[in-house]
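Colleague: I have some questions about the terms used for this model. Please set each value against its cut-off.

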Amino acid sequence: MRETKFWTWHLLAGCAILILGSLHMITMHLDGVWGLLNPAGGHAISWDNVAARAHQTIFVVIYILLLGAALFHGLYGLRNILCELGIGKGMRSFVNAVLVIGGLALFVFGTWAAIAAQAV
Amino acid sequence: MDSEHKGARDILYIVRRYNPVADTAPHNQEFTVHVEPGMTVLDGLHQIKSEQDPTLAWRFSCRMGVCGSCGMLINGKPMLACNTQIMHVTDRVLTIGPLPNFEIIRDLVPDLRPMFNRHISGMPNIRRDDIDPKVTPTDEYYQTPEELTRFLQFSYCIKCGCCLAACPTMAMDRDYYGPMPLAQFHRYNVDTRDGGFNERKKIAGGPGGVARCHYAGECSNVCPKGVDPARAIQLMKRNLVFTYLKLAKQGQPCKTIGPDPHAKRREGIPEAPPYTIAQK
């Protein structure tokens, strides 16, 4: 059932990316229509707008969720591709370890960045 | 054979040969076969063996697409040699090789044991905790026609191995169970008489299980019996995901119906003949 568990979370992460990624795209590219997410006005990636979003807890939560979902979805897919190249069990364990450690490191770093930006 | 028969012609058979005792690698050998309309690929192989090369080896049994023995790669596609007419697939050249994704025992004979071992590991029989069918053989299971249709098409599988030969995931990942074993897991999982899902899900949800399937769908395209293993695998994925999320319906296996106590024997029916062997 271990693969079922991973597969299920892979699907759920895909759904989360669909929703949160859509929100991201709306925020970035529909700033003229969806001005609520860009309270400073102007371009979506202007410093004022970025800072304004970073100070909102809901955006911090969304950033962290999107980061986690994207990392899990992408790294699980990469692991599947690598494992299907006919590598041995030892190499599979190595690949798993590298991806888990790398994924966790990126997640911690991204989470820290999102939380730290809130305090700026 | 009447060579004047309308449509009769010579077909070039290019056959993949491999004798592990004498050869270091497989090689092709050409034979010219005089083909009459209606001849199957298997008939052509028999003609080669009887008239040209008695050492050619392949596996066959029923000659009618039931036993699943004569699966081979015919013009690049896994098919049964016995129900493939030569003139339906070529008018000049016919290439024949053993099924890919299997070890070759000799010539056109693949080693199907890994496939059968995986099939057996999925407990392809009715499994229940509450009833031993061998103890109560006269009882019948209550199953509606609708419940039967959930697994009926998957029970038409003849275990020929064509689906595994066509599967691109099998070609890359030898730990993958393959379409036939997984489809048979599903066939029993959705059978209302069965209660073995919790045992099978450990394998089907494991490293070589359904999560490895990319849904290329070639298994279903090549199946000579019209079974849809790709569908079975996707349905089992769904069952496993719903089970993990605790959204699946947890039903008990269907009940059995014992002999009707009000049934009366009709008059005029003769008694069964005595047993020919001693009964315990």
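Colleague: Which residues are linked in a network of salt bridges?

Modeller: The network links Glu3(A), Arg79(A), Glu84(A) and Arg212(B). The model is predicted, so local features need pLDDT of at least 70 and side-chain atom pairs count only at pLDDT 80 or more, while totals for chains, interfaces and linings use all residues. Side-chain values use heavy atoms, without hydrogens and water, residues are numbered from 1 along each chain as its sequence is written, and chains are lettered from A and ligands numbered from 1 in the order in which they are written.

Colleague: What makes the pair Glu3(A) and Arg212(B) a salt bridge?

Modeller: The term requires a side-chain nitrogen of Lys or Arg within 4 Å of a carboxyl oxygen of Asp or Glu. The side chains of Glu3(A) and Arg212(B) have an N to O distance of 3.2 Å, so the pair meets the rule.

Colleague: Why is this pair said to join two chains?

Modeller: Glu3(A) is in helix 1 (residues 2-29) of chain A, and Arg212(B) is in the loop between helix 8 and helix 9 (218-222) of chain B, so the pair joins two chains. Helices here are DSSP runs of H or I with at least four residues, strands are runs of E with at least two, and both are numbered from the N terminus. Arg212(B) also forms a salt bridge with Glu84(A), at 3.6 Å from N to O.

Colleague: Are Glu3(A) and Arg212(B) buried or exposed?

Modeller: Buried means under 20% relative accessible area, exposed means over 50%, and partly exposed lies in between (1.4 Å probe, protein chains only). Glu3(A) has 1% relative accessibility, so it counts as buried. Arg212(B) has 5%, so it counts as buried too.

Colleague: Where are the partners in the salt bridge between Asp173(B) and Arg92(A)?

Modeller: Their side chains meet at 3.4 Å, N to O. The pair crosses between chains: Asp173(B) is in the loop between helix 6 (168-172) and helix 7 of chain B, and Arg92(A) is in helix 4 (residues 89-119) of chain A. Asp173(B) is buried at 2% relative accessible area, and Arg92(A) is buried at 15%.

Colleague: Why are Arg265(B) and Glu271(B) called exposed?

Modeller: Arg265(B) has a relative accessible area of 54% and Glu271(B) has 64%; each value passes the exposed limit, so the label applies to both. Their side chains meet in a salt bridge at 3.8 Å, N to O.

Colleague: What is the buried area between chain B and chain A?

Modeller: About 1500 Å², with carbon and sulfur atoms giving 59%. Buried area is the accessible area (1.4 Å probe) that two parts lose on being put together, summed over both. Met172(B), Arg212(B) and Tyr244(B) supply 36% of what chain B buries against chain A, more than any other three residues. In contacts (heavy atoms within 4.5 Å), 17 residues of chain B touch 17 residues of chain A.

Colleague: Why is Asp191(B) called buried?

Modeller: Its relative accessible area is 1%, so Asp191(B) falls within the buried class. Asp191(B) is in the loop between helix 7 (179-189) and helix 8 (197-204) of chain B. The side chain of Asp191(B) makes a polar contact with that of Arg193(B), at 2.7 Å. Beyond its neighbours within four places in sequence, Asp191(B) is in contact with Ile126(B), Gln143(B) and Phe151(B).

Technical notes. A polar contact is a pair of N or O atoms within 3.5 Å; within protein, one must be able to donate a hydrogen and the other to accept it, and residues adjacent in sequence count only if both atoms are side-chain atoms.
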